[in-house]
Amino acid sequence: MKNTTSVLLFLLVIICMIYYMYEHRIYLCKSNYDYPFQDPSLPVDTRLDNLMSLLTLAEKIDMLWMGSLTSDGELINVAVPRLNIRGFTWMGQGYVYRSASNGCNINCESPIIDGNVSVLPQGTGIASTWNKNLIFQAGIMVSDESMAIQYNYKNKSVDYKTGASSVINIARDPRWGRVPETYGECPILTGEIAVAFNKGLMGYTKLNDTQLEYNIYKVMPVMRHFVDYDGPDNGRFSFNAIISDTDLRTTYLPVWKKLIDENAIVGIMSAISAINGVPAAAHKYLLNDVLRNEWNFTGYVISDCDPISDIQKSFHYTATLEQAVAVSVSSGNDINCGGEFQLLHKAYAYGFVDLDTINTAARRSLRSRFLSGNLDPIGSDPYASIPYSIVDSLKHKLLTKQIVSESIVLLQNPKQILPFNLTKIKQIAVIGPSADDITVQAHTYHGTPSKWITTLDGIQSIASKSNVAVVHTFGAYRKNDSDIDFAHALELAIESDVILFVGGLDESFEEEDTDRNTLQLPGGQLELIRLLMSLNKPFTILIISGSPISEPIIVHENQAALVWISYFGQSGDAIAEMLFGFSSPCGCLPFTIPVNTSQLLPIDDYAMNKSPGRTYRYLDYTKAPPLFPFGYGLSYSTFTYTSQLIIFPNRINDLDTDLIANKYYK
């Protein structure tokens, strides 16, 4: 009996070997492919099935977390040397929405710079262009530079095929510290801009295309943060947002569905806080029922880089950390930006998570790796041919300059103070803390260009060609109300023909972990502005911030031109050209500017239609009339309508044009 069993086992092994050799006979005869998953000519599902059959449970789990990196920025734990699977990382670039990140790691703390890149405005500056075709070109620019660095820059420090992309949360409250990173308060505008930029990143040739140019992703962007991360940022790791289903469906979810419907999304980052008592990284209803079952999302979900442990520690949603990682992956959070998912080995052993759940998460993550080309033969990526000369090139400098130009919002212009007439002035006084400060161009999550052109640089360059003198002083501080430079500023203003004040905020007032409690200018800026206005000279105020600044006295006295621009990246020369009339402002506000914070609900109240209402869609203008409404923006041109015109401000169409008015004639 023992001999019979041994013979049967031997025959079974022989049969299995013959079957394997038959099934993989092609690959056994080819020196370049050992396994079907390595063959890019096969369907992705065929390759994926083969690879999943070859991986051990431990190897599958190690695909699902982010640990130590190699010198060129690839995760060590996702490599499988026995199958010749090289490293990869789910978010190589710390950001890929304002530029290629040229060395910034996931938390933007890396001191290494991989050359120079072209740097775009912050998110609200992108949105204020209202020009989706232009932003599609911006996405192509960033992906071109990413691929040029990926394949041409020696000793690069990160993997440029992936990166954290746009923050598409709705800017429902202007005090939230991350408003600058968003595309504003409107789900429709946010959706149009996000789709355009993402399609440029991912490898679409035209904005309206439905198929990728080469059937692989050029860059894989991870969109942030699904779905409720809209402030407050203080205490965000333990905050629980109470949101009605109506608000979820009409305000917070539509942008994400649009990206999925238009095949403009690969990775989704789950949010940090909780929604209606359930941590976002463990929210089965949103991550599985809505995202996968209802919307048919086929990409991967990755956590933010800190909150997995908070499922247990801050929210007390589970008793142990092993249970926390188990409930997260079981709920549809496939990958952990961090190392907590290493505990899935223990969670599986304890019975907290089953094999099917781990297989599902591994399949989703590996499918994206196949679609990125990461598992194709080295040297086969068609984007490897993009030359390094495209990085920070003249073509890209001009594109970033155009984007800055189209993002500028003219809010008021009494007596046509703007544009400055170079033939009628001999000296211009440029005063303010933001005129010659690159920190208000960089803000957070930024690349490094070969040259930062400040507003002052741009003004001096134009003025010098017309023999116009430019005098400058900082005038006032942003962080304290010292008047130490007031007298000097006033002296320069008195002796000049025109005055420009350049002020606003910087990242110390609005960024991650930092919300505002006021909408006013900080420090001594407003006091100095009032003194300058009293001189009764042509006066322009340029506000640089990522979110609304409200100073009603400037508007009500109507003595100065008022301009807003977001943190604008590298191209301050575009601002100077607008000031001197070489271009016309055509940007429109991507948010409402309230009169003051008394018109706002508490920042932790997520209700959209509670009186007086949030954003232009729900705001009761009779109860809380804004200082400037959403979509507002003037031009140097004048328009005359000969027919009766009715404007519907809540209708947003044709976002591919520079300036939009929806016209309905009776």
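## Charges over rings

In this predicted model, Arg 224 lies over the face of Tyr 445, at 5.2 Å from the ring centre. Another arginine, Arg 172, has its charged end over the ring of Tyr 606, 3.7 Å from the centre of that ring.

## Aromatic pairs

Aromatic pairs, counted by the distance between ring centres, which must lie within 6.5 Å, number 17 in this model. One of them joins Tyr 153 and Tyr 388, whose ring centres are 6.0 Å apart and whose planes meet at 40°, so the pair is tilted. The two residues are 235 residues apart, with Tyr 153 in the loop between helix 6 (132–152) and strand 1 (162–167) and Tyr 388 in the loop between helix 14 (355–372) and helix 15 (394–407). Tyr 153 is partly exposed at 28% relative accessible area, and Tyr 388 is partly exposed at 29%.

A further tilted pair is made by Tyr 252 and Tyr 606, with ring centres 5.7 Å apart and planes at 35°. Because Tyr 252 belongs to helix 8 (residues 245–252) and Tyr 606 to the loop between helix 21 (573–579) and helix 22 (615–618), this pair ties together parts that are 354 residues apart in sequence. Tyr 252 is buried, at 2% relative accessibility, and Tyr 606 is buried as well, at 1%.

## A cluster and a surface patch

Phe 88, Trp 90 and Tyr 300 together form one aromatic cluster.

Ile 484 is located in the loop between strand 10 (469–473) and helix 18 (486–494), and its relative accessibility of 64% counts as exposed.

Definitions and conventions: Residues numbered from 1 in each chain as written. Predicted model: local features only at pLDDT ≥ 70, side-chain atom pairs only at ≥ 80, totals over all residues. Heavy atoms only, no water. Helix = DSSP H or I, 4+ residues; strand = E, 2+ residues; numbered from the N terminus. Buried < 20%, exposed > 50% of the residue type's maximum accessible area, 1.4 Å probe, protein only. Phe/Tyr/Trp six-rings, centres within 6.5 Å; stacked < 30°, edge-to-face > 60°. Lys NZ or Arg CZ within 6 Å of the ring centre and 35° of its normal.
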